[in-house]
Amino acid sequence: RILGMTTKMSSAHEIEYIIFVQLKTNANNQKDNNTDTLSTEAPEIMGLTFKEEIKLDHAQYLKLFRYEGNIVLAEIDVISDTVLDTDEAKAEIAKADSAAASDGTEEAVAEEESVDNAQIKADYVAGLYKQNVLRYLFVPEGTELPAGLEKQLIIVTLPAKSIYLMDETPVDTLDIFESLNLVKVFGAETSENEILSKGLADGSVLYGGSWDKPEYKKLVQNKTDLAITSGKLLPLSGETLTERKQTAPADAESLTAVEYRDRLYDLADRFAVLDIPMLIDRSADEADALAQADWLRLYGILFGDETTAERMIREITSREG
């Protein structure tokens with residue numbers, strides 16, 4: 001922590017800086033923070049001290065690591081087993097990206113000359129959603145973080161005060177934690193849940209457009225600080241459903257791999273501009289109830305109630321055997 005004196009304002013005054021010093025190790029010793037797969041051990045995060053891995057016994061798409069100061073890193077694999085995780089999808093996307101790269105070179109150069117700092121920030125935040133594994137850093141309000149972490153991790157400040165629930169899937173989970181009162185904008189006009197239904201009727205909860213086409217103006221008006229969506233964004237592939245002896249839901253979409261990918265990227269771009277973190281909950285994509293239950297630990301952290309999460313997991317484990 002360093003104090004300095006500046007004379008560049010109306011009058012001389014002290015300013016304070018916090019400098020984080022990190023010892024770089026060589027390539028053989030340095031941990032690889034790979035963005036393609038879930039981490040097998042806690043990633044090194046500048047300025048943070050690792051405390052423990054939060055044990056998940058069954059979840060396939062989630063990892064949780066706790067650091068000092070009650071800061072938690074959540075890693076979510078958003079691509080594995082989805083419609084983007086097939087050889088055909090990868091080939092289709094590669095072909096589309098190659099064509100777009102050759103067509104958009106001149107336009108990109110022109111845009112590069114006019115971007116401002118806010119757009120630069122939005123661009124690198126949006127880029128964090130365009131990886132196989134999304135890394136969210138849950139940080140208690142008022143915590144000082146090293147400058148630059150927002151370029152590496154999606155920062156979620158806790159507690160959330162105004163949530164945009166993009167679809168119905170996570171409703172029951174929020175109900176378990178008695179947190180539906182935090183939902184100020186909802187991605188459907190009606191709900192079978194009594195609390196949301198009442199809120200939509202009396203105006204305390206606003207309809208914010210369909211989950212795939214949000215009304216962003218309402219999010220701004222309601223000071224939304226967290227958006228939660230589900231695996232509907234990138235549904236399971238036909239191959240995965242066949243392996244699990246499952247069938248696609250009746251309302252399954254019929255989009256190309258590029259259309260699925262571009263929709264995700266468009267949402268990421270828009271939420272990045274608005275500085276609203278978008279949490280993608282893949283609990284419903286897990287193979288069984290025990291794996292789905294592990295995601296309750298994520299919500300326990302999100303809503304500051306890990307005791308309820310542990311209790312519910314024990315009940316589900318006992319029931320499922």
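Me: Is Lys223 buried or exposed?
Reply: Lys223 counts as exposed, at 70% relative accessibility. Exposed means over 50% relative accessible area, buried under 20%, partly exposed in between (1.4 Å probe, protein chains only). This is a predicted model, where local features need pLDDT of at least 70, side-chain atom pairs need 80 or more, and totals for chains, interfaces and linings use all residues. Residues are numbered from 1 along each chain as its sequence is written, and side-chain values use heavy atoms, without hydrogens or water.

Me: Where does Lys223 lie?
Reply: Lys223 is in the loop between α6 (216-221) and β11 (226-230). Helices (H or I, at least four residues) and strands (E, at least two) are DSSP runs, numbered from the N terminus.

Me: What about phi of Lys223?
Reply: Phi is positive there, about 50°, although Lys223 is not a glycine. Glu178 also has a positive phi, near 50°, and is not glycine either.

Me: OK, where is Glu178, then?
Reply: Glu178 sits in the loop between α4 and β9 (183-186). Glu178 is exposed because its relative accessibility is 70%.

Me: New topic. Is Ile76 buried or exposed?
Reply: Ile76 is buried, because its relative accessible area is 0%. Its place is strand β5 (residues 71-77).

Me: Which residues is Ile76 in contact with?
Reply: Leaving aside neighbours within four places in sequence, Ile76 is in contact (heavy atoms within 4.5 Å) with residues including Leu38, Tyr61, Val133 and Trp295. Ile76 and Tyr61 are 15 residues apart along the chain, yet their C-alpha atoms are separated by 5.6 Å.

Me: Last one. Which residues does the cis peptide bond join?
Reply: Leu158 and Pro159, with omega about 0°. Pro159 is in the loop between β7 (154-158) and β8 (163-165).
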